[in-house]
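I wrote down each cut-off where I first needed it.

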Amino acid sequence: MKCIELDDSRKLPEGAMPDDAVFAFDCNPGVSCFNRCCHNLNLFLYPYDVIRLKHRLGISSDIFLERHVDVVLRDSCYFPEVLLSMAELPDKPCPFLSPSGCSVYEDRPEACRMFPVEQGVIYDAASGRSRKIHFFKPPEFCQGAREQRQWSVDAWIQDQGAAVYNRKTQRWSEVKYLFQSDPWAGEGPNGQRGKMAFMAAYNLDQFRDFVFGSSFLKRYKMASALREKIRKDDVELLKVGLAWIELFIWGKPSPLLRPFKK
Ligand code: SF4
Ligand code: SF4
């Protein structure tokens, strides 16, 4: 998800689709380009993508990150990006691509669901408000864009089961947006605080061990119902993780957890 800051959020960036835009697209196993778009990708994974994929694969977040991702730092951001590693094979296929298509289809990442639509968030610096925008960007080889079936963005999101992903990613983008400023006071994102923040967003099994195995619950007050929920529920734990990043890095208060008074 792109974060775009504009002085006037009523203006759309170049190429963005108006809210009522309709695009023509259809994809099915009969197209000559079937699966070509699942090769050699810069496929960004967001925290909710990792939850869905690690459950699908039946592995811990630790192992998922070790086996399946590359972590990179872009110039414009002080928080690392997580990309799905492509297989070390000719044409670099996605590791989840099988001869019959996507082997993790029901849990495929948000970017795959939305494709060939890309989603971004516009931040209006003056009001502090954000809103989603979309771009229709099929690659040249994509035959689907030559089909006649018409979609609004909303209909596409519903059809692809992307609404829940969109909501989670919009929340993540609010946190990520904060990292356009450098909070690390010289130690960089690979310092201790940076590693803790990365864990709270992407390595939830490790974060759970940290919450229940350290002095965390002596330092932060959390409703007992939520405390019990996050023992097993990764989606709830992610909410706590993101709130904690905002609190301990940026000092932003949260209704989910409050520091105990010293
Ligand atoms: S390139 Fe386009 S039409 Fe071809 S498989 Fe991918 S999404 Fe479908
Ligand atoms: S996760 Fe599935 S849809 Fe996405 S690139 Fe891999 S094989 Fe293709």
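Helices (H or I, at least four residues) and strands (E, at least two) are DSSP runs, numbered from the N terminus. I note that this is a predicted model, in which local features need pLDDT of at least 70, side-chain atom pairs count only at pLDDT 80 or more, and totals for chains, interfaces and linings use all residues. Residues are numbered from 1 along each chain as its sequence is written, while chains are lettered from A and ligands numbered from 1 in the order in which they are written.

**Entry: α6 and α10**

I looked up helix α6 (residues 192–202) against helix α10 (residues 234–250) and found an angle of about 160° with the axes 8 Å apart. The crossing of α6 past α10 is left-handed, meaning that the near helix is turned anticlockwise from the far one by less than a right angle, with clockwise giving right-handed. For contacts I used C-beta atoms, placed from the backbone, within 7 Å. On that basis Arg193, Ala197, Ala200 and Ala201 of α6 meet Gly241, Leu242, Trp244, Ile245 and Ile249 of α10. I sorted this contact by class into seven nonpolar, one polar and one charged residues, where Ala, Val, Leu, Ile, Met, Phe, Trp, Tyr, Cys and Pro count as nonpolar, Asp, Glu, Lys and Arg as charged, and the others, Gly among them, as polar.

**Entry: α1 and α10**

I then took α1 with α10, which pack at an angle of about 155° with axes 11 Å apart. That makes this pair roughly antiparallel as well, and its crossing is right-handed. Pro47, Tyr48 and Ile51 of α1 meet Asp234, Val235 and Leu238 of α10, a contact with five nonpolar, no polar and one charged residues.

**Entry: domains**

The domain assignment, which comes from an automatic or database source, gives domain 1 (2–164) and domain 2 (192–259). Their centres, taken over C-alpha atoms, are separated by 27 Å, and each domain gives ten residues to the contact. On the side of domain 1 that touches domain 2, α1 (47–57) and α2 (61–68) each supply at least two residues, and α1 has the largest share, four residues. I count that side as seven nonpolar, two polar and one charged.

**Entry: ligand shells**

Here I counted a residue as near a ligand if its C-beta atom, placed from the backbone, lies within 6 Å of it. Around ligand 1 I listed Cys27, Val31, Cys33, Phe34, Asn35, Arg36, Cys37, Cys142, Gln143 and Gly144, which divide into six nonpolar, three polar and one charged. The shell around ligand 2 includes Cys38, Cys94, Cys102, Arg108 and Cys112, and by class has ten nonpolar, no polar and one charged residues.

**Entry: backbone exceptions**

Most residues other than glycine have a negative phi, and most peptide bonds are trans. I noted that the peptide bond from Phe115 to Pro116 is cis, with omega near 5°, and that Pro116 lies in the loop between α3 (110–114) and β7 (117–124). Lys92, although not a glycine, has a positive phi of about 45°, and I placed Lys92 in the loop between β4 (81–84) and β5 (97–98).

Definitions and conventions
Axes fitted to C-alpha atoms, helices over the stretch in contact; angles between N-to-C directions. Contact = placed C-beta atoms within 7 Å. Parallel < 35°, antiparallel > 145°, perpendicular 65-115°, else oblique.
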